[in-house]
Amino acid sequence: MSRKAPARYGSGLRTRPRRRSLVIGTLAGLVVWELLALLAGALTAQGDHVVPHLKVIVTEGITGLSHFYRGGWGPATTLQGAPDSVGLAALAVLQNGLVTLGRFVTGYLAALALGLPAGLLVGAARPVRLAAGGVAGLLRMLPLLAMAPLFTLWFGATSGASIGFVTFGAFWVVLLATANAVGNLPPHVTDYPRTLGLSRTRISTHIVLPAIVPELRGALVLAAGTAWACVLASELYGIQSGLGWALNQTLVYSLVDQMVLVAGLFAGLSLATSRLVDAVTGRLTRWNE
């Protein structure tokens, strides 16, 4: 007589994009874009400017990014008379990309450091979880694009304000997911260690936290996406560095070809980060697979 395998707690990610799907989706997007460019160019006088052809994006768009190089790394800037070039554009992307990535990583890790223990505390008692969950859910629903200028107004157009906004946005996702995961734990997971005399702190850190990681896996990926949205929104208002600042400049001067490239960089960094978080959490939860 065979014994039925016990049900496993938590679940793996089932919406993770496959490499083939990404390649096919990217190629399809490029084809659709070029068709739109042809259509816009045929129907309107400004169509080539509003929806530029791919050839324009990969030539004039790339070299045009040279203007966002702020100097300090050796070569002269375009303001100092240097011509647009692919090399200067690469320096501009690297310089501003590192700034944005630093703000994202710092803010995201701060959200994890604050959200995980806060979620464990909130999820430990059902009345607290129900009371705090309503407040946290309300704050979670605040429109981030509306909050970004307020953070700039309150804390100035600084990297600290940007990091704080990233932390604010991702914190509520982590807190609510952690509290919910704690609430979903089967009672025996904590009852048995409690009978052995383990303290509440040791139960939280050695039993509860490892047990909820599988359920948190998707939420941590979602929090990373939220953090990217926040760092973009924070850099749109007043800050003079980062990819968000570059995107804002392309919007001000209607540089659609460069706008597409910067937006693509954001999408690529967000996707790479999500896959990294997925890989790390997947490694931590191999015991559950």
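Analyst: The model is a predicted one. In this pocket, 17 residues form the lining, and Y108, L109, L112, V277 and V280 lie nearest the centre. Two or more lining residues come from each of α4, α9 and α11 (256-284). The lining comprises 15 nonpolar, two polar and no charged residues, and the space amounts to about 330 Å³.

Helix α9 (residues 200-235) also packs directly against α4 (residues 86-124), at an angle of about 145° and with the axes 9 Å apart. This crossing is right-handed. On the α4 side the contact includes F104, Y108, L112, L116 and L120, and on the α9 side it includes V208, I212, L216, W228 and V231. By class, the contact holds 16 nonpolar, two polar and two charged residues.

A further partner of α9 is α6 (residues 144-155), whose axis comes within 9 Å of that of α9 and crosses it at roughly 50°. The two helices are therefore oblique to each other, and their crossing is right-handed. L144, L145, A148 and T152 of α6 meet T226, C230, A233 and S234 of α9. Five of these residues are nonpolar, three are polar and none is charged.

The largest pocket, with about 500 Å³ of space, takes the largest share of its lining, seven residues, from α9. Its lining has 23 residues, with L120, A124, R200, S204 and V208 nearest the centre. Alongside α9, the elements giving two or more residues are α4, α7 (159-184) and α8 (188-195). This lining divides into 13 nonpolar, seven polar and three charged residues.

Notes
Residues numbered from 1 in each chain as written. Predicted model: local features only at pLDDT ≥ 70, side-chain atom pairs only at ≥ 80, totals over all residues. Heavy atoms only, no water. Axes fitted to C-alpha atoms, helices over the stretch in contact; angles between N-to-C directions. Helix = DSSP H or I, 4+ residues; strand = E, 2+ residues; numbered from the N terminus. Parallel < 35°, antiparallel > 145°, perpendicular 65-115°, else oblique. Left-handed = near helix turned anticlockwise from the far one by under 90°. Contact = heavy atoms within 4.5 Å. Nonpolar A, V, L, I, M, F, W, Y, C, P; charged D, E, K, R; others polar. 1 Å grid on protein atoms, 1.4 Å probe; cavity = no way out; pocket = protein on both sides within 12 Å on 5 of 7 lines; lining within 4 Å. Points joined across faces, edges and corners; volume = space filled by probe spheres on them.
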